[in-house]
Amino acid sequence: MRNYQTIDCQTKVSQKDRERHKDQILKEIFLVILGDVFEVIDPSLIFGYSVLFVPARTLEPHLGNVFILLSVYIKHMIAFTNSALLLAWPVVRAMGDSHVIISQLEEEENLIAAAKHLVRALGSNKNLTGNMKKILADLGSQLSTMATIDDDKGEEISEIEEQLNVVQDKIMSWEGDQSMIWDSANEACEYLNAVDESRKLIERLDSLCFGKDKEENELLRRAHDVLQMAMARLEEEFRYMLVQNRQPFELEHKSFRSSEEDVGSIISFGDDSVEDSLQRDSVSRTSEEVIIDLVHPDVISDLRCIANMMFMSNYDHECSQAYIIARKDALDECLFILEMDKLSIEDVLKMEWGSLNSKIKRWVWAMKIFVRIYLASEKWLSEQIFGEFGPVDLACFVEASKASMLRLLNFGEAVSVGPHRPEKLFGILEMYELLVDLLSDVDALYKNEVGSSVRIEYHDVLGRLGDSARATFLDFQNVIASYTSIGPFAGGGIHHITRYVMNYIRNLSDYSETLTLLLEDHDKEDPSSLSPCMNPAMEKENTGGSSSCVSSPMAIHFQTIASVLESKLLEKSKLYKDVSLQHVFLMNNVHYMAQKVMNSELRIIFGDKWIRKHNWKFQQHAMDYERATWSSVLTLLKDEGNAGSNGVSKTQLKERFKSFYLAFDEVYKTQTAWLIPNVQLREDLRISTSLKVIQAYRNFESKHTNHISDKHIKYSSDDLQNYLLDLFEGSPKSLHYPYRR
């Protein structure tokens with residue numbers, strides 16, 4: 001026989017363990033009886049198939065006791081395995097009135113009582129060995145303990161029911177009250193305590209009611225109903241506090257102020273104000289990172305308490321959804337305050353450039369605020385409330401903010417897929433650089449797998465904007481080359497295309513690092529795309545036949561653009577019939593190009609060599625102008641082919657002076673309408689012209705003043721010098737009378 005350990009009656013065991021103990025006790029009693037009857041059979045085979053082959057007549061002397069025990073055992077074991085039926089069937093079949101005995105032992109208490117009766121009956125057998133008597137004594141003790149435990153269970157169930165009644169009354173009392181519980185701190189504390197009690201009662205019932213009967217199931221159902229009612233109220237209170245204690249999103253902070261009015265745009269080649277309108281937006285570089293309170297700080301602890309209770313009660317999904325819905329509304333309100341309209345890609349593509357440009361500037365300003373300030377604060381709020389629940393805080397933040405973030409990114413995508421118009425490039429670069437600047441912020445906000453969808457979309461839009469910026473920039477050269485105008489530019493001044501292109505690339509120099517990175521990838525794929533070394537116009541720029549090129553990709557493309565512009569200007573100069581005006585036009589425009597490069601960041605990109613070359617170019621055009629305009633005029637003041645003062649007739653002198661005055665008057669009338677906008681360039685050309693013309697006139701006049709009457713001298717040298725000061729002002733004048741100042 002095996003040794004058996006008694007159960008400590010003071011030990012608190014689970015219902016499942018108690019059931020197992022009952023099973024073991026009944027098995028042991030059965031073994032004792034059958035072992036006494038079948039001493040030749042190994043008792044361990046009792047629960048195997050061997051017992052089925054024992055002759056029925058061998059069981060007859062002890063059949064009554066064996067059958068009673070089998071009835072008890074079968075009743076208990078039927079819940080665990082159908083094998084008990086197989087074991088008991090031969091014995092049950094031998095007794096015709098077995099159902100009577102089984103019906104008397106249906107209840108658990110009767111089973112234990114029957115088992116105790118068997119133990120007492122077996123103990124009265126005088127033929128039992130000492131070891132068997134000890135076993136029966138131990139089994140009797142265990143049965144008594146089980147009966148005590150069952151009594152304790154009944155008492156505990158009654159106690160739980162009483163407590164549940166109290167908790168239910170408390171929770172129901174608040175259901176009829178229309179006011180919010182958290183309006184009163186004391187009531188909120190009492191309510192949470194009542195909810196916590198209901199939660200703990202459910203846990204106690206779950207631990208007690210293994211194999212629950214109908215009464216116990218009903219009690220557990222009631223407890224769950226009470227808890228569910230409380231959770232619904234907590235969810236309502238939670239959402240109400242989030243909404244009612246939302247902090248207004250003020251734009252008073254200096255980081256929030258829009259610099260929209262500071263950002264200009266390029267409208268067309270004919271925009272005279274382009275030089276002053278291109279100013280880079282600085283908001284994306286100056287906004288500081290700030291955490292603000294999106295919900296009043298005083299209610300954060302209350303929100304956290306409600307969340308804790310709902311999560312402990314396995315209502316985490318309901319709590320999270322209430323939070324997400326409330327914060328989604330808050331994020332929509334934020335975008336409304338930032339004036340970010342909900343636009344589809346089709347809406348953006350249909351938009352006029354003026355409206356689109358305004359939307360882009362607003363987006364750049366708002367995106368910075370939304371990510372670095374509002375979303376950062378939103379994530380902090382989520383961490384404050386759900387920080388104790390692992391990844392829940394991040395999941396709630398992502399779900400609450402995803403729609404708003406994707407709405408902003410959708411605008412970026414719409415801009416990137418639009419036509420590659422030059423005026424869009426600055427806006428696209430601003431958007432691209434902003435997304436690069438915010439990249440680490442977004443990756444930190446939307447980390448891990450839960451935030452991957454937003455991160456992927458963000459990176460995708462960033463790539464699309466980069467591709468669009470690169471394509472727009474590379475198309476710019478073709479835009480210049482394809483520009484056409486019907487007639488010559490009035491007055492030979494600085495052409496709109498020159499202002500446009502030079503201001504365009506001057507402002508692009510602010511994005512030199514970004515453009516260099518974007519162009520590097522392109523030039524690796526197509527090394528010969530726009531290299532100035534392979535451009536015939538640029539080959540002439542390399543003095544001394546040098547083939548060295550600027551290494552920066554952006555510098556290469558900028559010089560190529562400047563070369564295309566010069567070719568276009570040369571083409572447009574041919575529209576002037578007057579050769580002198582052709583040179584004035586080219587002088588003005590090349591000088592403008594050189595000055596723009598020399599007086600801006602373009603100097604670093606183009607280099608001093610380029611500047612020296614173009615300074616020489618506009619000076620050469622100035623000299624060509626003087627030759628084309630004044631050479632024929634000054635020829636009239638020369639004595640070549642004449643006999644000098646001794647042989648020149650008065651008639652010849654009169655004609656020479658008259659022809660000179662007529663030529664000068666024509667030059668004056670024509671070239672006062674011409675324009676040299678740069679004051680210094682205009683003065684330099686006047687001085688250079690004056691030195692040549694006035695000196696020649698003085699020499700001729702002084703040499704022949706004694707041979708001709710004063711009435712034939714129309715202008716003095718001082719008059720001519722003053723008249724020359726009227727040239728290139730862009731205001732046509734005529735000399736009908738002697739000039740007097």
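Biologist: Let us begin with Ser468. Which residues does Ser468 touch, not counting those up to four places away in sequence?
Modeller: Ser468 touches Val415, Ser416, His420 and Ile428. Please keep in mind that this is a predicted model.

Biologist: Where does Ser468 lie, and is it buried or exposed?
Modeller: Ser468 is part of helix H19. The residue counts as buried because its relative accessibility is 3%, and the cut-off for buried is under 20%.

Biologist: How far apart are Ser468 and Gly418 in space?
Modeller: Their C-alpha atoms are 8.5 Å apart, while 50 residues separate Ser468 and Gly418 in sequence.

Biologist: Let us step back to the whole chain. How many helices and strands are there?
Modeller: The chain has 29 helices and 0 strands. Of its 741 residues, 49% are buried.

Biologist: What share of the contacts with a separation of 6 or more comes from residues 24 or more positions apart?
Modeller: Such pairs account for 80% of those contacts.

Biologist: And what is the accessible surface of the chain?
Modeller: The accessible surface is about 36300 Å², and 50% of it belongs to carbon and sulfur atoms.

Biologist: What does Phe238 touch, apart from residues up to four places away in sequence?
Modeller: Phe238 touches Leu303, Ile306, Ala307, Cys319, Ala322, Tyr323, Ile385 and Phe386.

Biologist: Now helix H13. Where does Arg327 sit, and is it buried or exposed?
Modeller: Arg327 lies in helix H13, which covers residues 316-337. Arg327 is buried, since its relative accessible area is 1%.

Biologist: Which residues surround it? I mean the contacts of Arg327 beyond four places in sequence.
Modeller: Arg327 touches Arg246, Leu294, Val295, Tyr374, Glu378, Leu381 and Ala400.

Biologist: What about Cys334, is it buried or exposed?
Modeller: Cys334 lies in helix H13 and is buried, with a relative accessible area of 1%. Leaving aside neighbours within four places in sequence, Cys334 is in contact with Phe249, Phe370 and Tyr374. The C-alpha atoms of Cys334 and Ser404 are separated by 9.4 Å, although the two residues are 70 residues apart along the chain.

Biologist: Which residues is Tyr315 in contact with, leaving aside neighbours within four places in sequence?
Modeller: Tyr315 is in contact with Leu227, Gln228, Met231 and Met310.

Biologist: A change of topic: at what angle do helices H17 and H20 cross?
Modeller: The axes of H17, residues 425-437, and H20, residues 496-508, cross at roughly 5 degrees and come within 11 Å. H17 is therefore roughly parallel to H20, as angles under 35 degrees count as such.

Biologist: Which residues meet there?
Modeller: Leu425, Phe426 and Leu429 in H17 meet Tyr504, Asn507 and Leu508 in H20. By class, this contact has 5 nonpolar, 1 polar and no charged residues.

Biologist: Last topic, backbone angles. What is the phi of Asn448?
Modeller: Asn448 has a positive phi of about 65 degrees, although it is not a glycine. Asn448 is in the loop between helix H18, residues 439-445, and helix H19, residues 452-481. Its relative accessibility is 49%, so Asn448 counts as partly exposed.

Biologist: And Phe728, what is its phi, and is it buried or exposed?
Modeller: Phe728 also is not a glycine and has a positive phi of about 65 degrees. Phe728 is buried, with a relative accessible area of 1%, and lies in the segment after helix H29, residues 717-724.

Definitions and conventions: Residues numbered from 1 in each chain as written. Predicted model: local features only at pLDDT ≥ 70, side-chain atom pairs only at ≥ 80, totals over all residues. Heavy atoms only, no water. Helix = DSSP H or I, 4+ residues; strand = E, 2+ residues; numbered from the N terminus. Buried < 20%, exposed > 50% of the residue type's maximum accessible area, 1.4 Å probe, protein only. Contact = heavy atoms within 4.5 Å. Areas by Shrake-Rupley, 256 points an atom, 1.4 Å probe, with all protein chains shown as cover. Axes fitted to C-alpha atoms, helices over the stretch in contact; angles between N-to-C directions. Parallel < 35°, antiparallel > 145°, perpendicular 65-115°, else oblique. Nonpolar A, V, L, I, M, F, W, Y, C, P; charged D, E, K, R; others polar.
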